[in-house]
Every structure is written in C-alpha cells, then in structure tokens.
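Try each task before you read its solution.

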Amino acid sequence: MKATCDRFLPSKCSSTSSTADEKRDKSTLNGWTVIVNTASSMASGAIRRFQDRVLGPSRTGIPSTTSEIWLLGVCYKISEGESSEDADASAGCVLDAFRQDFSSLILVTYRRGFEPIGDTTYTSDVGWGCMLRSGQMLFAQALLIQRLGRSWRKKESELPEEGYLEILGLFGDSEASAFSIHNLILAGESYGLAAGSWVGPYAVCRSWESLARKKREETDVSCSMAVHIVSGSEDGERGGAPILCIEDVTKTCLEYSEGETEWTSVLLLVPLVLGLDKVNPRYIPSLIATFSFPQSLGILGGKPGASTYIVGVQEDKGFYLDPHDVQQVVTVNKETKDVDTSSYHCNTIRYVPLESLDPSLALGFYCRDKDDFDDFCIRATKLAGDSNGAPLFTVTQSHRAGERGIAETSSVASSTEIPGEEHEDDWQLL
C-alpha cells in the first residue's frame, strides 16, 4: 500500500517543540526534571505525529519471516527444504541474528540541551536536523566498519570497548566533537547548511566532503578516510546518471593522503534524483540490489522534512533508523566506560515501502582498500548493465575514455570477478 503525503519542507516541525522549550526555560530549579521530561514527551509526540503524516503510519517489525533480508551487505536468509520444526528453529535463529545486527547500528537522533550552534541561540535541532542526523548515522557506520569491522555487535553484558566509545564521542553535540552537528553546519555553510533550516541529501553529502577535508588539513586523526562525491558534473546540477570515474577517486585518495600513498579507505556518496514526486519504479530493483554489496552503507532518504537512514531491505520494504526521537544530550568519550549508550541504539525495527520515498536521496558505500574498491566497481558495473537502461550511476576509468567509448575502460573489470556472478567483459556506461 502506497504511503501518500503532501510535499512538505518545513523550517521547523511543530510549534509544540518551541512551546516545550519555553516551558523548560521558565522552569524553577525544583521542577526542572518534571518539566524537562514533559517537554521531551510533548516534542517526541509532535514529531512522531508529523512523521506519521509524512512517511505514513509507522510500520514496525519484520514484514515476512520467509523472504531474505539484506542489511548493509549482510544477507539473512531462511533455510529452505527443512522440516517444519527445523525451519521454525532456523528462522528464529536467523531473525535473532538480524535483530542483533540492527540494534548494533549507531542511532543518532534529535538532541536538546547542547551548547548553542555558532553564534545562534539554537540549543536543539528538533524539527530541522533530521537530514544532518541521518548523515551522521551513515558516517558513524562507516567508521564502525573501518575500526571495529562489519561483524562487530554491541554486547549488553559487557563494558563498551574503547574504540566504540571513541566513535560515539566524535558525534557528540559540541564543537569539541569532530563530527558534531555544530561542525557539520560550519563546514556546509557554502552549501546552504544553517541552524534551523532543513537541507537535502546533495548539500549534506558535499558538507561531509568539506568537513572530512577540513579535519585532514587540521591533521585531525579522527577522520581516517577520504570522502568522494559521485556526481554527473562538477556542480552536480546536470541531468543524467552520475558517473563514478576511477581516476577521480584515485586522485581523491592521493590528495587525502597528501601523496604518501596512492590509496586510502574511501567513503563514496552518490546523491541521486530518481523521479519527480516519488521514486520512479524503474529504479527500485537497483536500489534494492545495492544492499547486497559488501560495501553498502545504505540510503539517506525519506520525505522532504522527514529524513531517515535506510539500512536494509526485504522485498520492496526498506528498514530504517529514525532520527526523529528527541533525547537529552549525552557526553560520551573513551574515559566514560560506565556511560549509558542506549540512546545511540534502537531495538524497534521500522520499515517503509521503497516506492513511497522522495526521489531525492543519496547512496553510501565504504571501500576499505583498492581491492575492495575494484570489487565495488565490478558490482556497480554489472548492476548498471542489468538496469534496463535506468542505471543509478555508471562507472568509467576516466572522463576522456568515457567520451570516446567504453572499450578502454575494462581493465579493472577484467582483473577481478564476483564469486558466483557472470563475468562482465566491459564497463557498461549507459
């Protein structure tokens, strides 16, 4: 069933949130806790009602217990051909593993009570920061994979690892945290980012590129990967499928390492516009297929004014992490071993029909090294070739080769094959 909504681009989500803030500001010391809790509840309720109006009523749980699930490159598949009792037990184990994986992903939501952003008076991003929070989730997941591995899972019964706490600390809500909403807005000013204003996926992608470059120039070790934007042109405004140029990615990695090495870990961000009012159905099979890539970091998408972070798929449904819950600021760093990090994780599995997404979205992929990037290029090339003339993006060795044809761009494709996949002789540039 399609979720319907009016196109809505708010600068603020609801007057309820501002009313709650006013109550909190006027509270006396003795009534502080009660009023803050009441305000948070009011704001969360207003945001949830708004989200339900835009994305459609919240759908929770797992739609099917028989169809395979892809979660950021990992497949959870129910075994077939077993007896009914064995099948039920197997399905239970698979779904439990999926739930553990999902709940281990880092959730970043609206926060209130942080230090003002820049020279503004904003101490909360309620109602306008969901796209920024979605971008933080994607970037945090890239760091989680890079530092702890894709197989890392959060263990409730043990003290958190230092590396895990360091990652969370990077996304704290102050200028002291490298990837805070404060620093992201500052880095993205030239792309329209400003406290109190909602922005789209393209601006957020460019802002992450700018912030990563800035941190590298400051010799900040918090950012240990290059960020590369895949677009159809330098300004990203021309039509047609974006082009992943291998020479451009190589240049990005070389510049990021300041000439020390030819290749570094790289985060690829692909801003897309896949229709007018909603995603063109021709693109949905390809969107689903990207989640089977080992390099997958999911999708920044949702509806205008109500961004989410889509992390998995089952059939034509997308599982997502929701940034719209309002939570108090939490200070996390590697010294705070006993800190409660539950607000950075979600046990409620939500999903949305992919056909209801706004056509403006962005894909994310993390490539650990050159071999991983080569594998990604092969998969992306095959996906474009199987897209029936509607590729999400295409791959070429160089812009010059792309202008002359694809015969000279097959060197990477011919060097590696995807296990279990039919070999592609040439890059498909459609």
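## Exercise 1: the partners of strand 7

Strand 7 and strand 13 (residues 360-367) run antiparallel and are joined by 8 bridges. Strands here are DSSP runs (E, at least two residues), helices are DSSP runs too (H or I, at least four), and both are numbered from the N terminus. Two strands pair if DSSP finds at least two bridges between them. A word on the model: it is predicted, so local features need pLDDT of at least 70 and side-chain atom pairs count only at pLDDT 80 or more, while totals for chains, interfaces and linings use all residues. Residues are numbered from 1 along each chain as its sequence is written, and side-chain values use heavy atoms, with hydrogens and water left out.

**Task.** Find which residue of strand 13 stands opposite Leu-267, and in which sense strand 5 pairs with strand 7.

**Solution.** 
- Step 1. Begin at Leu-267, and you will find Tyr-366 of strand 13 opposite.
- Step 2. Move along to Val-270, whose bridge partner in strand 13 is Leu-363.
- Step 3. Now turn to strand 5 (residues 226-229), which pairs with strand 7 in the parallel sense over 4 bridges. His-228 has Leu-268 of strand 7 as its bridge partner.
- Step 4. Check burial (buried means under 20% relative accessible area, exposed over 50%, partly exposed in between, with a 1.4 Å probe and protein chains only). In strand 7 (residues 266-273), 7 of the 8 residues are buried, so the strand is largely enclosed by the rest of the structure.

## Exercise 2: strand 13 and strand 8

**Task.** Work out how many bridges join strand 8 to strand 13.

**Solution.** 
- Step 1. For an example, take Leu-300, which has Ala-362 in strand 13 as its bridge partner.
- Step 2. Strand 13 has 7 of its 8 residues buried, so the rest of the structure largely encloses it.

## Exercise 3: helix 4 against helix 5

**Task.** Decide how helix 4 and helix 5 are oriented to each other.

**Solution.** 
- Step 1. Helix 4 packs with helix 5 (residues 162-170) at an angle of about 155°, their axes 10 Å apart. Axes are lines fitted to C-alpha atoms, for helices over the stretch in contact, and angles run from 0 to 180 degrees between N-to-C directions.
- Step 2. Angles under 35 degrees count as roughly parallel, over 145 as roughly antiparallel, 65 to 115 as roughly perpendicular and the rest as oblique. Helix 4 and helix 5 are therefore roughly antiparallel.
- Step 3. Look at the contact (heavy atoms within 4.5 Å). Ala-140, Leu-143, Leu-144, Arg-147 and Leu-148 of helix 4 meet Tyr-164, Glu-166, Ile-167 and Leu-170 of helix 5.
- Step 4. The buried residues of helix 5 pack against helix 4; among those buried are Tyr-164, Ile-167 and Leu-170.

## Exercise 4: helix 4 against helix 7

**Task.** Repeat the orientation analysis for helix 4 and helix 7.

**Solution.** 
- Step 1. The axes of helix 4 (residues 130-148) and helix 7 (residues 201-217) come within 10 Å and cross at roughly 50°.
- Step 2. The two helices are therefore oblique to each other.
- Step 3. On the helix 4 side, Met-131, Leu-132, Gly-135, Gln-136 and Phe-139 meet Pro-201, Val-204 and Trp-208 of helix 7.
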